[in-house]
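Biologist: I am new to this structure and would like a guided look. Could you take me through it step by step?

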Amino acid sequence: MEKIKTKINKNRVIFYLSAKIYPLEAIYGAAYVFLDRAYLFLNNRSGEKITVFLKGKNKLSGKQLEDLKGGFLNELLNYAFRIKLSKDSRKLRELIVGQALISAYGNEDTVQENEIGYENDPLGIAMSWEDKYGVKPKKAEKGKK
Amino acid sequence: MEIKFDKKIYSLKAIKSATQAYRGLADFDFKQKGAYVQVELKNINKDIKEIIKDEFCNYVLFSMKL
């Protein structure tokens, strides 16, 4: 396993990442996560390698700086994997969304149902009781002979 | 104080946005020099002289997301 070259000085840890292995988007993602914990600076002098400067917001020991770097690399791996998964499953996602849209727009029953207005009333629901069954004869009033 | 931002990593838009946000704390001037954008900070507020460079760099990185 190739060890990542690291320098520790002035409360900061400096290390180099291969731009071929880690996409820039993944480096940004990991960096955003660490913005509240450390000061970050990125550089790309050689073109293939990206230099990461991680500086503690408070005074940190060498071990703590190493831990900070380890945390950053873990987060970087997490983002790199997410990006890879997202790329790999892109076609499948597009297919699922496409099918969902087609089934939503292409259902003829739904369209027909929507075309029938309430004013058409094919089942004869919108009719008063009197219209449907006629007026009931009034009962004879009590006490009348 | 000078900071050199690599154009491949930092966008000019993000640098400008950070400059706008920090303009009350120092005077900013930036030039494009080859692969870098060089930001010069002058008349820095005394209270934040120690941290403004690091905080500004973090803010530029944050602005990349916007």
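Modeller: We can go through the contact between the chains, the core, a helix pair and some single residues. Please keep in mind that this is a predicted model.

Biologist: Let us start with the contact, then. How many residues come from chain B and how many from chain A?

Modeller: Chain B supplies 10 residues and chain A supplies 11 residues. On the side of chain B that touches chain A, helix H2 (residues 52-63) of chain B gives the most, with 5 residues.

Biologist: And how do the residues on that side of chain B divide by class?

Modeller: The side of chain B that touches chain A has 5 nonpolar, 4 charged and 1 polar residues.

Biologist: Now the core. Which residues of the largest nonpolar core touch the most other members?

Modeller: That core has 33 residues, and those touching the most other members are A:Ile27, A:Leu40 and A:Leu42 together with B:Ile15, B:Cys57 and B:Val60. Strand E3 (residues 38-43) of chain A makes the largest share of this core, with 5 residues. As a general point, nonpolar side chains in soluble globular proteins tend to be buried together.

Biologist: You mentioned B:Val60. What is B:Val60 in contact with, leaving aside neighbours within four places in sequence?

Modeller: B:Val60 is in contact with B:Phe5, B:Tyr10, B:Ala14, B:Ile15 and B:Ala18. B:Ile15 was also named among the core members that touch the most others.

Biologist: Let us turn to chain A. At what angle do helix H1 and helix H2 of chain A pack?

Modeller: Helix H1 (residues 24-34) and helix H2 (residues 62-88) of chain A pack at about 135°, and their axes are 8 Å apart. The angle therefore makes H1(A) oblique to H2(A). Their crossing is right-handed.

Biologist: Which residues make that contact?

Modeller: From H1(A) they are A:Glu25, A:Ala26, A:Ile27, A:Gly29, A:Ala30, A:Val33 and A:Phe34, and from H2(A) they are A:Phe72, A:Glu75, A:Leu76, A:Tyr79, A:Ala80 and A:Ile83. By class, the contact of H1(A) with H2(A) has 10 nonpolar, 1 polar and 2 charged residues.

Biologist: Next, B:Ile3. Is B:Ile3 buried or exposed?

Modeller: B:Ile3 counts as buried because 21 C-beta neighbours lie inside 10 Å, and the cut-off for buried is 20 or more. B:Ile3 sits in strand E1 (residues 2-6) of chain B. Not counting residues up to four places away in sequence, B:Ile3 touches B:Val39, B:Lys53, B:Phe56 and B:Cys57.

Biologist: What about B:Thr19, and where is its place?

Modeller: B:Thr19 is in helix H1 (residues 12-22) of chain B. B:Thr19 has 19 other C-beta atoms within 10 Å, so this residue is partly exposed. Leaving aside neighbours within four places in sequence, B:Thr19 is in contact with B:Phe28 and B:Phe30. B:Thr19 and B:Gly34 are 15 residues apart in sequence and 20 Å apart in space, C-alpha to C-alpha.

Biologist: One last topic, the backbone. What is phi of A:Lys10?

Modeller: Phi of A:Lys10 is near 50°, which is a positive value in a residue other than glycine. A:Lys10 is in the loop between strand E1 (6-9) and strand E2 (12-18) of chain A. With 7 other C-beta atoms within 10 Å, A:Lys10 is exposed.

Biologist: And what is phi of B:Asn43?

Modeller: Phi of B:Asn43 is near 50°, again a positive value in a residue other than glycine. B:Asn43 lies in the loop between strand E3 (36-42) and H2 of chain B. B:Asn43 counts as exposed, with 8 C-beta neighbours inside 10 Å.

How values were computed. Residues numbered from 1 in each chain as written. Chains lettered and ligands numbered in written order. Predicted model: local features only at pLDDT ≥ 70, side-chain atom pairs only at ≥ 80, totals over all residues. Contact = placed C-beta atoms within 7 Å. Helix = DSSP H or I, 4+ residues; strand = E, 2+ residues; numbered from the N terminus. Nonpolar A, V, L, I, M, F, W, Y, C, P; charged D, E, K, R; others polar. Core = buried A, V, L, I, M, F, W, Y, C linked by C-beta atoms within 7 Å. Buried ≥ 20, exposed ≤ 12 C-beta atoms within 10 Å, placed from the backbone. Axes fitted to C-alpha atoms, helices over the stretch in contact; angles between N-to-C directions. Parallel < 35°, antiparallel > 145°, perpendicular 65-115°, else oblique. Left-handed = near helix turned anticlockwise from the far one by under 90°.
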